[in-house]
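Reader: Hi, I have a new protein model open. Can you walk me through how its inside is packed?

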Amino acid sequence: MGVSELPGSRVGRAGGAGPPLRAPPMTPCHPQILIKVHACGVNPVETYIRSGTYSRVPTLPYTPGSDVAGVVEALGRGVDGFKKGDRVFTTKTITGGYAEYTVASVHTVFPLPETLSFSQGAALGIPYFTAFRALFHKAQARPGETVLVHGASGGVGIATCQIARAYGLKVLGTAGTDQGRKVVLKSGAHKIFNHREAGYVDRIQVVNVIIEMVSNVNLHNDLHLLSYGGRVIVSSAPPWGPGATALSVCATQEDFLETLSALLAGIESGWLQPVIGSHYLLENAAKAHEDIIKSAGAAGKMVLLMA
């Protein structure tokens, strides 16, 4: 399944080959906003969808990318609260974010403060909404509990560490590289462990909550680390098996609004600071997809840049 060539997209056919498109931008309808994309977050699920191995197949034509930051280019009829040139981020696009322009529903578009870069804005959607939902809607985590973030150096892991620390939990993290472990500590973890080191599990104390990024590797160990009444939440998984669709970003509109309020407050108070790892130009999206799956270890959120 190749990346489709929707209007405004510069992603080439079948994984990124071919010259960039220079189609005119789309016209938003009511209640939509047209965004000139500056940065788009890359998420592992997009590689599964593109390759056809994900449990849900999208309607074609399909352009990947849900987490976008940029500026307002045009407003649909009757849309207010924004004006052309406003810095914004969106938690979900309609036409895909691997593009020069994308359309999003107005209720998924929010102001991007000057304190965050466009790359950081593109790291807010799936990572932070998933992390908040995993911690509080699913795990029912409480201040004073201990949470282990297994595979903490990627976008969702970093978001989980920052949120958990801000809400009064003791945070333990694991990562496989020196750089990744430094990022996790800076993101709020009280202790960090090298999950490639033999016997590292034996040095982890009993925990109340585990947020698991690689369930097919770690789940058999996780159950031995839990306290009585402990919870394991599978936050990310390969596209096969029972964990593949175990955790949606937000189940209800009420959950979405609660999460949004908490995250906007985190941005305002300064503790929410997405960490950006690798940058790729849009024409190198195929390389980004290869690297996010085969990387030896993450150290921040991967993003595509439009220029």
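Predicted model: local features only at pLDDT ≥ 70, side-chain atom pairs only at ≥ 80, totals over all residues.

Reader: OK. Which residues is V147 in contact with, leaving aside its neighbours within four places in sequence?

Author: V147 touches L135, A164, L169, K170, V171, L172, V209 and I211.

Reader: What stands opposite V147 in β9?

Author: That is V209. The strands here are β6 and β9, which run parallel and are joined by 4 bridges.

Reader: And on β10, which residue is the bridge partner of V209?

Author: R231. β9 pairs with β10, residues 226-234, over 5 bridges, again in the parallel sense.

Reader: Is β9 mostly covered or mostly open?

Author: Mostly covered. Of its 6 residues, 5 are buried.

Reader: Let's go bigger. How many residues are in the largest nonpolar core?

Author: It has 46 residues. L124, Y128, L135, V147, I163 and I211 have the most contacts inside it.

Reader: Which elements supply at least two residues each?

Author: The strands are β2 (68-75), β6 (146-150), β7 (170-175) and β9 (207-212). The helices are α4 (125-138), α5 (155-166), α6 (178-186) and α8 (253-269).

Reader: Which one gives the most?

Author: α4, with 7 residues.

Reader: Where does this core lie relative to domain 1 and domain 2?

Author: Between them. Domain 1 (3-123 + 274-305) and domain 2 (127-246) both give residues to the core, so it lies between the two.

Reader: What about a second core? Which residues does it include?

Author: The second core is separate and has 20 residues. V42, V68, Y98 and L304 are among them.

Reader: New topic: rings. How many aromatic pairs are there in the whole structure?

Author: A search finds 7. Take F89 and F110. Their ring centres are 5.6 Å apart and their planes meet at 40 degrees, so the pair is tilted.

Reader: Where do F89 and F110 sit in the chain?

Author: F89 is in strand β3, residues 87-90, and F110 is in strand β5, residues 109-111.

Reader: Are F89 and F110 buried or exposed?

Author: Buried means under 20% relative accessible area. F89 is at 2%, so it counts as buried. F110 is at 10%, so it is buried too.

Reader: Which residues are in a cluster with them?

Author: Ring pairs link F89, F110, F129 and F256 into a cluster.

Reader: What about Y167 and W271? How are their planes set?

Author: That pair is edge-to-face, with 90 degrees between the planes and 6.3 Å from centre to centre. Y167 is in the loop between α5 and β7. W271 is in the loop between α8 and β11 (276-281), 104 residues apart from Y167.

Reader: Last one. How many helices and strands does the chain have, and how much of it is buried?

Author: It has 9 helices and 12 strands. Of its 307 residues, 55% count as buried. The accessible surface comes to about 13400 Å², and 55% of that belongs to carbon and sulfur atoms.

How values were computed:
Residues numbered from 1 in each chain as written. Heavy atoms only, no water. Core = buried A, V, L, I, M, F, W, Y, C linked by side-chain atoms within 4.5 Å. Buried < 20%, exposed > 50% of the residue type's maximum accessible area, 1.4 Å probe, protein only. Domains from an automatic or database assignment. Contact = heavy atoms within 4.5 Å. Pairing = 2+ DSSP bridges. Areas by Shrake-Rupley, 256 points an atom, 1.4 Å probe, with all protein chains shown as cover. Phe/Tyr/Trp six-rings, centres within 6.5 Å; stacked < 30°, edge-to-face > 60°.
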